[in-house]
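Let's take a friendly walk through this model, from its aromatic rings to a pocket and the overall fold. Have the viewer ready and follow along.

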Amino acid sequence: MHRGKGMKFVGDSRVPAARKPNIPKDYSEFPGKTEAFWPNFLLKEWMVGAVFLIAFLCLTVAHESPLERIADPTDTGYIPLPDWYFLFLYELLKYRFAAGDYTVIGAMVMPGLAFGALLLAPFLDRGPERRPSKRPIATGLMLLGIASIFFLTWQSVDSHDWEAAAKQGEITDELNIEIDETAEGYVIMQDNTCLSCHGNNLQGGAMGANLLDNPDYAPEDYAKIAKEGVGTMPGGIFKGTDEEAQKLGEYLVEMNKLAAESE
């Protein structure tokens, strides 16, 4: 045979010279090795799905949902915690270079680069090798990403104050009293940022104590605490006059009486 006789060169030996129609096989030639999609295959899928659905429903009945108290937008001391699969991003926002003025870096830029790299991975690494040892750059970057996610998730779980979180989200019985927000004492508390820690309903939160749970306090006690602080509350936060502190104390004594009568 002469060289090249009966052959076509198309530039790439992997490209066939003549294209053949892609005709699917007739699976009737393989009895017992296939089945009809409808209804045999779908029936099996539905059965498996039903088992998992029933198991999930049993799990939700056996374990109550971890509900917390009603959200209070005035409670600035509440410490949020996302679901477990977002904990690494939550931890990332605690670092100086990704928080504060740089929040956009931790919330958008860094996650955007990571997920963008995943989207571009098929285009950046076009090598024919599939063994990890033959692709050191891609394998190294993937291992680095996985290790970072595991480390940040562990750090987030380890540094979170679970006891304080359970306390701040605890569901308590709401007092059946109406908070008079037009009263002079309430307005004084608003002007001195007292409500940012103690809440609009005065029942406190993670950063402030419950102001409706002190029936033995006198107006002078509240005035002294407002000026000098107590416990974790530092002094000097209240910027009002002594007369305003006294009116604040009188208002809280009155509200405590109403709270005691409603119980």
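## A stacked pair of rings

Tyr-95 has a relative accessibility of 26%, so this residue counts as partly exposed (buried is under 20% relative accessible area, exposed over 50%, and partly exposed in between, with a 1.4 Å probe and protein chains only). Phe-97 is also partly exposed, at 46%.

A pair of aromatic rings is described by the distance of the centres and the angle of the planes. Searching the whole structure gives six aromatic pairs. In one of them, the ring centres of Tyr-95 and Phe-97 are 5.9 Å apart and the planes meet at 5 degrees, so the pair is stacked. For the criteria, rings of Phe, Tyr and Trp (its six-membered ring) pair if their centres lie within 6.5 Å; planes under 30 degrees apart are stacked, over 60 edge-to-face, and the rest tilted. Elsewhere, Trp-84, Tyr-85 and Phe-86 are joined into a cluster by ring pairs.

## How the model is read

This is a predicted model, in which local features need pLDDT of at least 70 and side-chain atom pairs count only at pLDDT 80 or more, while totals for chains, interfaces and linings use all residues. Residues are numbered from 1 along each chain as its sequence is written, and side-chain values use heavy atoms, leaving out hydrogens and water.

## The second largest pocket

How much space lies in the second largest pocket? About 870 Å³, where the volume is the space filled by probe spheres set on grid points joined across faces, edges and corners. A pocket here is an open set of points on a 1 Å grid over the protein atoms alone, where a 1.4 Å probe fits, with protein on both sides within 12 Å along at least five of seven lines; lining residues have an atom within 4 Å of a point.

The lining of this pocket has 26 residues, and Ala-114, Ala-117, Leu-118, Leu-141 and Gly-145 lie nearest the centre. Helices H2 (87-92), H3 (103-124) and H4 (136-159) each supply at least two lining residues, with H3 giving the most, 10 residues. Helices are DSSP runs (H or I, at least four residues), strands are E runs of at least two, and both are numbered from the N terminus.

## Overall fold

The protein has nine helices and zero strands. Of its 263 residues, 21% are buried. Among contacts with a separation of 6 or more, 57% join residues 24 or more positions apart, a contact being heavy atoms within 4.5 Å.
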